[in-house]
Amino acid sequence: MAKEVISVIINVLICFAVVFLITHFVGQRTVVSGKSMEDTLSNGDNLIVDKISYRIHDPERFDVIVFPYKEEEDTYYIKRIIGLPGETVYIDGSGNIYINGEILEENYGTETILNAGNASTEIILKNDEYFVLGDNRNNSTDSRMIGCIKHDDIVGKAWLRVYPFNSFGLVDNIE
């Protein structure tokens with residue numbers, strides 16, 4: 001009887017260890033809260049965040065990333081990378097986004113940017129910084145307000161939408 005109890009305890013501890021390792025180093029579930037990423041992601045969408053990719057390679061332009069909001073504990077933001085390390089980002093009065101002096105060709109924003117925020121003057125990204133925007137540009141708290149995101153602060157890449165089930169799919173394929 002004692003061997004069975006010890007065996008069960010060991011198996012439970014192994015399960016907890018595996019879950020801990022997976023959620024801290026491989027992936028985690030995140031729920032979208034708010035409208036800042038519409039039409040790509042909606043309030044209540046459940047995502048799996050890939051925590052491994054950025055250990056192998058750097059984030060790329062247009063990746064959807066998850067990072068902590070430093071002003072509120074246990075709050076994470078989901079935004080799209082627009083500017084990469086070493087680049088200069090500027091948003092003009094007409095809402096055009098410039099990267100290194102050239103207009104960024106992209107189709108993720110749902111409307112013309114009305115508030116350029118910090119990007120109304122050129123922002124030069126440091127070697128470990130990214131400029132991020134929500135896809136719902138006029139309803140998003142992003143790098144225009146909170147500043148650039150450091151590489152070490154990125155939790156991971158939004159990889160898979162698992163709920164709602166009728167919208168199941170890779171985040172890269174959502175437009």
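The model is predicted: local features need pLDDT of at least 70, side-chain atom pairs count only at pLDDT 80 or more, and totals for chains, interfaces and linings use all residues. Residues are numbered from 1 along each chain as its sequence is written, and side-chain values use heavy atoms, with hydrogens and water left out. The chain has three helices and 12 strands, these being DSSP runs numbered from the N terminus (helices: H or I, at least four residues; strands: E, at least two).

**Overall dimensions and burial**

- Taken along the principal axes, the box filled by the C-alpha atoms is roughly 75 × 35 × 30 Å.
- Of the 175 residues, 41% count as buried, where buried means under 20% relative accessible area, exposed over 50%, and partly exposed in between (1.4 Å probe, protein chains only).
- The chain exposes about 10,200 Å², of which carbon and sulfur atoms supply 53%; accessible areas come from the Shrake-Rupley method with a 1.4 Å probe, and for residues only the protein chains shown count as cover.
- Among contacts (heavy atoms within 4.5 Å) between residues at least 6 apart in sequence, 60% join residues at least 24 apart.

- Four strands in the order 7-6-5-8 form an open sheet with antiparallel pairing; two strands pair if DSSP finds at least two bridges between them.
- Its edge strands, each pairing on one side only, are strand 7 (102–103) and strand 8 (123–124).
- Strands 5 and 6 run antiparallel and are joined by three bridges, with Ile91 having Ile97 of strand 6 as its bridge partner.
- These two strands form a hairpin with five residues between them, and Gly95 in the turn has a positive phi of about 90 degrees.
- Two bridges link strand 6 to strand 7 in the antiparallel sense, and Ile99 has Glu102 of strand 7 as its bridge partner.
- Strand 5 also pairs with strand 8, antiparallel and over two bridges; here Thr88 stands opposite Ile124.

- Strand 9 is largely enclosed by the rest of the structure, because five of its five residues are buried.
- Both of its faces are covered, with Glu129, Phe131 and Leu133 buried on one side and Tyr130 and Val132 buried on the other.
- Strand 4 (residues 76–83) pairs with strand 9 in the antiparallel sense over three bridges, and Ile81 stands opposite Val132.
- Strand 10 (residues 149–150) pairs with strand 9, antiparallel and over two bridges; Glu129 stands opposite Lys150.

**Nonpolar cores**

- The largest nonpolar core has 13 residues, of which Ile82, Ile91, Ile97, Ile99, Phe131 and Leu133 touch the most other members; a core is a set of buried Ala, Val, Leu, Ile, Met, Phe, Trp, Tyr and Cys residues joined through side-chain atoms within 4.5 Å.
- Strand 5 (88–91), strand 6 (97–99) and strand 9 (129–133) are the elements that give two or more residues to this core.
- Apart from this core lies another, of 11 residues, among them Tyr69, Tyr77, Ile81 and Leu84.
- Leaving aside neighbours within four places in sequence, Ile99 is in contact with Arg61, Ile82, Gly83, Glu87, Thr88, Val89 and Leu104.

- Met1 is found in the segment before helix 1 (2–26), and Met1 counts as exposed because its relative accessibility is 79%.
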